[in-house]
Structures are given as structure tokens and as C-alpha cells.
Amino acid sequence: MDKEFKDNLRDFVENKTGGCKILVVGDVMLDKYYYGEVTRISPEAPVPINHILSTEETLGGAANVAHNLALLGCQTSIAGYVGEDHHGETLVDKLLARGIDYFDIIHTNQPTTTKIRIIGGHQQMMRLDFENTAPVAGDDANNLMENISDQLNETRSVDAVIISDYGKGACTSDTCQKIIKLCRKKNIPVIVDPKGNQWQKYSGANYITPNLKELNAVLEMPAQNKDKDIEVAAKYVTEKYNIENIIVTRSDKGLTLVEGKNIAHIKAKAQEVFDVSGAGDTVIAVFTLALAGGMSSTAAAYLANLAAGVVVAKIGTYAVSRDELLYAIETFGKV
């Protein structure tokens, strides 16, 4: 990374993120962690006893994308669904505490999507999911779309829209297509984090950000984690599903941006990886923020890759802070 490029990245993170407005739409979740230590087996059954030492609740799914944006100073709003339950109250309180505009959240009679993880030492022992993954339709879906339309029809609505699909029912084909078509009319870029193999619903999006597993879900022959394989697969899916550009996150291989003839393979920083959960949220958040702030797509992808490197070195769902991202910029390439 040359000095001028590094200075430009640093200047953006320090001074320009606050001028960006981004709407996140998708599957809003609450992540709960129980951290403990395991020293013996239960006398009641052949299972380990985890002595819980601490607990943590944090924003997950689309809410984690919004959390990443807010921590970096972006003006952030979120649209999705929560239940009329304790988990929903906790989630909304956390959005409020982080300065995220949550007024486009719809309250439903379904449970708030919540994932409880039991951690023993550094090892996840169990996950408990509270959710209803049926596609949201009817009045709830109509109300969500009405809220989104109202926001996008404002004089200066947003600089970009992120669709964060976790397959929990918020991102139906109808909702995704309505959002994408409305944004295209208003020249607002849409960046999608996909789930499943029905990518037709993302048709017309400006960027899509699958990981390798998600990319392979829509391929007849799985791609290997090699540059050429990724290039071929990326071009195939963008043409097939009418998506303009793609960023493939590749774990320890970094990420690949395919934007027409512009192809960039951006390597990950060599480091110990503890947990890749949440890294995709950070990539789409930072990439979109940089793009909305006027950076080139390649520079935006580079910054997103640095941010993901911070997150994978943490345990559990994690949102990168401005200071951590600045440190990653400063120290990249140093031993």
C-alpha cells in the first residue's frame, strides 16, 4: 500500500464517513453469548458442564451491518421486523443507544430472531435459535415497503441501500425487487448480501457480496477458492442473474472484486482467525460506506478487506470501530 493510497483511506475514515447516509434493509437479529469454562462432565448425562462467567447481547444480522456503519460515523437507518417480545425490546434499545434510526422497524406477532451461543473457552459448544423463517407477507410486508418508499422519496433520502438477507423471511422476492426498482429510478446504488439459491430476486442490484459457500449455492459445479475459478464463477452469476458487479469474500484468501473488465484480487492480512461470523456484515457495510463516500470500487473493497481482518480476529459477532480501522490501515504490511 503506497503512502498516497494509505493517506486517502485514512482521510476518508477520519473525516468523511459522517457525510454518508445509508439504509439497511433485511433480517434484523439479536445475538446473545454465554461465555464460560468447561472443567468436568455432568453426572446426569455425558455432556460437558459449562460454568458461565459472563454474558453479552449484541446486534446481529442486518442490525450488525447497521452497527458497523454507525460505529464508523455513518448516518444509518434500518428497516426490518422484530417481535413484540423482550428480545425485540432489547434490540430496539441497542439500536437507539448506537444512534441508528429504527423508525422503519415493523413490530410483528412473530418472535424476534435471536441466536444464543454457548461458548466454552474459545469453542462454541451450542447455538439456540429463536425464529420464524416464513416469508413475511400481507400487512407487515406492505407496511415495511411503505416505510422504505417514504424514506427513499425524501428530497435527500440516502446515498445507498444495503439488502442484508439472512433467509429469515424479510427479504422476499417481492420486497427485494420493489426496493431495487425504486432505487434504480432514483439512481441510488443497491448492494446485496445474499442467502440461498434464489438470486433472481436480486436482479438489477449494483453489487452482490457472497462468500464462497453462498456463491457455490447457485453454481452447478462448485468453484474452488482459486483466483481464476472465482473470476469465471463471478462472471457467470452476474450475467445469469442480471447483477452488475460482485465481490466474493474468500476467508483467508481475502476477497475478489469483479466489475466488468475490472478484476481485483485483494489478499487478506496474515493473522490468526478466531471467528468469521459477522465478517460478511463488515465487508458490505464498509464497502458500501466507502462507495457512498465517493471512493473507487477497488479502494472501497480494499478498505472492506482491512475491516474484515479486524473482525475475524475477534470472537463472536463484532462491529469494527473507527480507531480499529485506522490502526488496520496504518499497520497493514508491517510485521
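Modeller: Start with Glu131 and Lys115, which form a salt bridge with their closest N and O atoms 3.6 Å apart. The model is a predicted one. This pair links distant parts of the chain. Glu131 sits in the loop between β7 and α4, Lys115 in strand β6, and 16 residues separate them. Glu131 is partly exposed, with a relative accessible area of 30%. Lys115 has a relative accessible area of 5%, so it counts as buried. The pair also belongs to a network. Salt bridges that share partners join Lys115 and Glu131 with Arg127, Asp129 and Lys168.

Now look at the strands here. β6 covers residues 114-120 and β7 covers residues 123-130. They run antiparallel and are joined by seven bridges.

Val38, Met125, Met126, Leu128 and Phe130 make a nonpolar surface patch of about 410 Å². Four of the patch residues come from β7, the largest share. Met125 is one of the residues in strand β7. Its relative accessible area is 34%, so Met125 counts as partly exposed.

Next, the other salt bridges. The whole structure has 17 of them. In one, the side chains of Glu330 and Arg10 meet at 2.8 Å, N to O. Glu330 lies in helix α10 (residues 322-331) and Arg10 in helix α1 (residues 3-15), so this pair ties together parts that are 320 residues apart in sequence. Glu330 is partly exposed at 33% relative accessibility. Arg10 is partly exposed at 21%.

Another salt bridge joins Glu244 and Arg184, with the closest N and O atoms 2.9 Å apart. Here too the pair links distant parts of the chain. Glu244 is in the loop between α7 and β11, Arg184 is in helix α5 (residues 173-185), and they are 60 residues apart. Glu244 has 39% relative accessibility and counts as partly exposed. Arg184 counts as partly exposed at 43%.

The loop between α7 (227-240) and β11 also holds Asn242. Its phi is near 55°, a positive value in a residue other than glycine. Most residues other than glycine have a negative phi. Ser251 also has a positive phi, of about 55°, and is not a glycine. Ser251 lies in the loop between β11 and β12. At 56% relative accessibility, Ser251 counts as exposed.

Follow β11 into the sheet. β11 (residues 245-249) pairs with β12 (residues 255-259) in the antiparallel sense, over four bridges. Ile247 has Leu257 as its bridge partner in β12. Both strands belong to an open sheet of nine strands with mixed pairing. The order is β5-β4-β1-β8-β9-β10-β11-β12-β13. β5 (101-108) and β13 (262-266) stand at the edges with a single partner strand each, so one side of each has no neighbour in the sheet.

Finish with a charged patch. Asp101, Glu146, Asp150 and Glu154 form a negative surface patch. Glu154 is in the loop between α4 (138-152) and β8 (160-164). Glu154 has 44% relative accessibility, so it counts as partly exposed.

Definitions and conventions. Residues are numbered from 1 along each chain as its sequence is written. This is a predicted model: local features need pLDDT of at least 70, side-chain atom pairs count only at pLDDT 80 or more; totals for chains, interfaces and linings use all residues. Side-chain values use heavy atoms; hydrogens and water are left out. Patches are made of residues with over 30% relative accessible area and no salt bridge: like charges are joined within 9 Å, nonpolar side chains (Val, Leu, Ile, Met, Phe, Trp, Tyr) within 5 Å. Accessible areas come from the Shrake-Rupley method with a 1.4 Å probe; for residues, only the protein chains shown count as cover. A salt bridge is a side-chain nitrogen of Lys or Arg within 4 Å of a carboxyl oxygen of Asp or Glu. Lys and Arg count as positive and Asp and Glu as negative; His and the chain ends are not counted. The place of a charge is taken as NZ of Lys, CZ of Arg, CG of Asp or CD of Glu. Helices (H or I, at least four residues) and strands (E, at least two) are DSSP runs, numbered from the N terminus. Buried means under 20% relative accessible area, exposed over 50%, partly exposed in between (1.4 Å probe, protein chains only). Two strands pair if DSSP finds at least two bridges between them.
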